[in-house]
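Colleague: I would like to go through the salt bridges here and learn how to read them. Please show me the structure.

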Amino acid sequence: MKAQSKQVSQVKKVEKIVSPPPRHWVGDGFNVHGFFPHGPLTGDRMSPFFLLDYNALTNFPPREEPFGVGPHPHRGFETVTIAYKGKVEHHDSRGGGGIIGEGDVQWMTAGSGLLHKEFHEQESNREGGPFQMVQLWVNLPAKDKMADPKYQAITNAEMGRVELPLGGNVEIIAGEFGGVKGPATTFTPVHLYNLKPKAGERIELNLPAGYTTAVLAIEGSARINGETVLPLNHLALFDREGEDITVEAIEDGVFLLMSGEPLNEPIAQYGPFLMNTQAEIAEAIGDYRQGRFGYLE
């Protein structure tokens, strides 16, 4: 009887390198590249992620009136805001709020719904200067879409961290890398890391086959799987098949890795509402118009 051979994991190949789409404004405070779902990638293909807005490094002028976006509703998903440069101040209709400091993350579960507003933090707004951030929408499964809203405020110091041989590191926001877990709790399996290698440093990643996986170049450029170059401000999308990825920094860099299990559920979206059916969208609009999301100045 032949002994069963150990299954060898396969390389997760690069499906495409996506150039940053033309910028658009969200309010007057966030000048973003919308990689999906309204860019070249769809919400279905990127599940469980639905939207990726990236405010590439921008210098804002000093101003007394805060840059930002006023009150708007959310229902049916989570927003993950990562501040790389500058600070973001936020408030909601349930009395929540706070400041997302440089290097920190705010993981907001909109769930059943709330009103929310986001602005550049007051002091940094008056001073002006560099601003760089990501907002990622993570879809909620049908059974959790009406979960109670909540926040996870994650400081940079609270993130899991794995040091690399040449002085770089990996910050783990959610999921696990190298036996170290990130602090964020998620409704479905999600891995979210900041890869911060030094020039020439190589990071080996093993992620489940079948997961949606992408890497965004926040700073610097990298060579993926020893061959494909990922330039600054571009996104690498990977095939769902395969498990192994290598990221080698061409210069010191910061790369946001997102990987998650697809939901495989219907998607119905209208503006800031992300549900499973058009009837649920109509219900969300009705609840919003009737004031059931609360009040926010």
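Colleague: Does glutamate 15 count as buried, exposed or partly exposed, and at what relative accessibility?

Modeller: First, this is a predicted model. Burial is read from relative accessible area: buried means under 20% and exposed over 50%, with partly exposed in between. Glutamate 15 has 37% relative accessibility, so this residue counts as partly exposed.

Colleague: Which residue forms a salt bridge with glutamate 15?

Modeller: The criterion is a side-chain nitrogen of Lys or Arg within 4 Å of a carboxyl oxygen of Asp or Glu. Here the partner is arginine 45, with the closest N and O atoms 2.9 Å apart. Arginine 45 sits in helix H1 and glutamate 15 in strand S1, 30 residues apart, so to speak a link between distant parts of the chain. Arginine 45 counts as buried because its relative accessibility is 18%.

Colleague: What do the side chains of arginine 63 and aspartate 28 form?

Modeller: They meet in a salt bridge, 2.8 Å from N to O. Arginine 63 lies in the loop between strands S4 and S5, and aspartate 28 in the loop between strands S2 and S3, so the pair ties together parts 35 residues apart in sequence. Arginine 63 is partly exposed at 26%, and aspartate 28 is partly exposed at 30%.

Colleague: Is glutamate 171 buried or exposed?

Modeller: Glutamate 171 is buried, with a relative accessible area of 3%. Its salt-bridge partner is lysine 196, at 2.8 Å between the closest N and O atoms.

Colleague: How many salt bridges does the structure hold?

Modeller: Eight. Arg75, Asp287 and Arg292 are linked in a salt-bridge network.

Definitions and conventions: Residues numbered from 1 in each chain as written. Predicted model: local features only at pLDDT ≥ 70, side-chain atom pairs only at ≥ 80, totals over all residues. Heavy atoms only, no water. Helix = DSSP H or I, 4+ residues; strand = E, 2+ residues; numbered from the N terminus. Buried < 20%, exposed > 50% of the residue type's maximum accessible area, 1.4 Å probe, protein only.
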